[in-house]
Structure formats: structure tokens, C-alpha cells
Amino acid sequence: LTDLEGVSLETRLEQYRYLLIIFSKWDNFVYEEAREVFEIYTKLYAPNKELIDYKNMLKRLVEAKNLLLNVGQKQVNLKDYFNCLWLVYDVLKNAERKAAHNHYDDAVARIYRAIEMYAQIILRSLQINTSELDINKISHIDSTRLAYYTSKRNDKNQLQIGLRDSFDLLEDLNHPLGQVWSKYKNQITNALTTRNYSFLAHGMNPITKEDYESLKSVVWDFIT
């Protein structure tokens, strides 16, 4: 049997198998493996423009992930960091797909990770690492706020800050993103309260569709 394009059923099913593997790996953030399979697919078949666009996006995501993993090993310019924001948008789209399948706990967990990553990437562009905060790089901020961040040492004597503290630090640094955060932080913090008590965070409550829609509304507005 062949389809309207003269391609055999066996060949068409093999194409679909490759695409299922690619997008399954992509959906699980295994970007490198998805890209490798995509390269095989491209050599075997003639991808249309839509698939070529997906392939190019996957290339951007792999490069962004590698850049963040190798920070400190090479000089990185500001534009490279902004390109890393593709990772944020990809996780947000991933959240939308989870919600479309009524997996709202998964969707909200992904939204949380996306906005946390957003702050981390922007702080990295300022040579500030949220996992090991160098107090000397923020010594010029208000002394009370500086003392607050200094108190964030863990049992390994490292200074680590989470989502809200990361955005608050951008606000303390008078960064443009911090200025936007100052307008949205109460709304986002309130919306994230539901997430904090969810089954996949620190509680036992399932996330409802309404919870997801509420968080999505404010976060998408904030990101925009």
C-alpha cells in the first residue's frame, strides 16, 4: 500500500516512529538524544519546512543547555545568555502540553521551573550564580538586604537562593527584570502558594484546572 505521495505504508510508519522518538525525548528534556535521532531522520527522509523549523529550534535548545552547563569554562557574551531563554519558553510550552492532557500538577511544576530558570539565566548574565552566591558581586546593594542574602548559607557553607530570592535580588540590583518583578511578585507569590501545597511540592493537594489557569495567566503576562 502507498499513500497519495507514493510512499509505502512501511516507510511512512517508520517515519512516524522516528518522529515519535524525537518528540518523546524532547518532551522529557533529553534534547541531545532528540537531536541525534533528528539527524538520522533528516538523512533518511526529506523533512518539510515545519520539521526543519523544529530541528533548528532543537539545535538552539542543545546549544543553550550546553552553554549553561559549561559556564566558567569559556567567555560568554550577553547575547548568548539571552539565547538561553529559549529553554524557559520550551519548558512553558511543555507545561501547556501537560495541561492539555489534564496533568495539572506536572504543568504547574514546569511553570515553577521555567520562571526559576528565567531568573537564574539573567543572574548568570551578571556573573551571579544562585547555587553559590558570591557576596562580593552584590556588595553594593542595601546593607539590610545584603545581610539577608548572607544569611542564606547551607550546611556546606554555600550561599544559595531560590525563586523569589533570585527575583528579589534582581530588584535589589535595579535590573529591568527586577523592576517588572516588583509589579508582579505579589500576584505570582500568591499563585504559587497553591503549588507549594501540591502533591509534587510540599503537600498533599492535587492541582486543579482552575489553579493552573490562575498561575498561567499571571506568569504568561509577567513573561510577556
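This report walks through a helix pair, some aromatic contacts and a few individual residues in a predicted model.

**Two helices side by side**

Let us start with helix α5, which covers residues 85-100, and helix α10, which covers residues 209-223. Their axes come within 12 Å and cross at roughly 155°. Angles over 145 degrees count as roughly antiparallel, and α5 and α10 are therefore roughly antiparallel to each other. The crossing of α5 past α10 is left-handed.

Which residues make the contact between α5 and α10? From α5 come Tyr89, Leu92, Ala95, Glu96 and Ala99, and they meet Tyr212, Lys216, Trp220 and Ile223 of α10. Sorted by class, this contact has 7 nonpolar residues, 2 charged residues and no polar ones.

**Aromatic pairs**

A pair of aromatic rings is described by the distance of the centres and the angle of the planes. Searching the whole structure gives 17 aromatic pairs. Two of them are set out here.

| Pair | Centre to centre | Angle between planes | Arrangement |
|---|---|---|---|
| Phenylalanine 23 and phenylalanine 38 | 6.5 Å | 75° | edge-to-face |
| Tryptophan 181 and phenylalanine 222 | 6.1 Å | 70° | edge-to-face |

Take the pair of phenylalanine 23 and phenylalanine 38, which is edge-to-face. Phenylalanine 23 sits in helix α1 (residues 9-27) and phenylalanine 38 in helix α2 (residues 31-44), so this pair ties together parts that are 15 residues apart in sequence.

Are tryptophan 181 and phenylalanine 222 buried or exposed? Both tryptophan 181 and phenylalanine 222 are buried.

Phenylalanine 23 and phenylalanine 38 also belong to a cluster linked by ring pairs. The cluster is made up of Tyr18, Phe23, Trp26, Phe38, Tyr41, Tyr45 and Tyr54.

**Leucine 19**

Helix α1 also holds leucine 19. With a relative accessible area of 16%, leucine 19 is buried, because buried means under 20%. What does leucine 19 touch, leaving aside its neighbours within four places in sequence? Its contacts are then Tyr41 and Leu51. Tyr41 is one of the residues in the ring cluster. Leucine 51 lies 32 residues from leucine 19 in sequence, and their C-alpha atoms are 9.5 Å apart in space.

Finally, the backbone deserves a look. Most residues other than glycine have a negative phi.

Where is glutamine 127 found? Glutamine 127 is in the loop between α6 (104-125) and α7 (143-150). Its phi is near 65°, a positive value in a residue other than glycine. Glutamine 127 is partly exposed, having a relative accessible area of 44%.

Asparagine 174 is not a glycine either, and it has a positive phi of about 60°. This residue lies in the loop between α8 (163-172) and α9. Asparagine 174 has a relative accessible area of 53% and counts as exposed, since the cut-off for exposed is over 50%.

How values were computed
Residues numbered from 1 in each chain as written. Predicted model: local features only at pLDDT ≥ 70, side-chain atom pairs only at ≥ 80, totals over all residues. Heavy atoms only, no water. Axes fitted to C-alpha atoms, helices over the stretch in contact; angles between N-to-C directions. Helix = DSSP H or I, 4+ residues; strand = E, 2+ residues; numbered from the N terminus. Parallel < 35°, antiparallel > 145°, perpendicular 65-115°, else oblique. Left-handed = near helix turned anticlockwise from the far one by under 90°. Contact = heavy atoms within 4.5 Å. Nonpolar A, V, L, I, M, F, W, Y, C, P; charged D, E, K, R; others polar. Phe/Tyr/Trp six-rings, centres within 6.5 Å; stacked < 30°, edge-to-face > 60°. Buried < 20%, exposed > 50% of the residue type's maximum accessible area, 1.4 Å probe, protein only.
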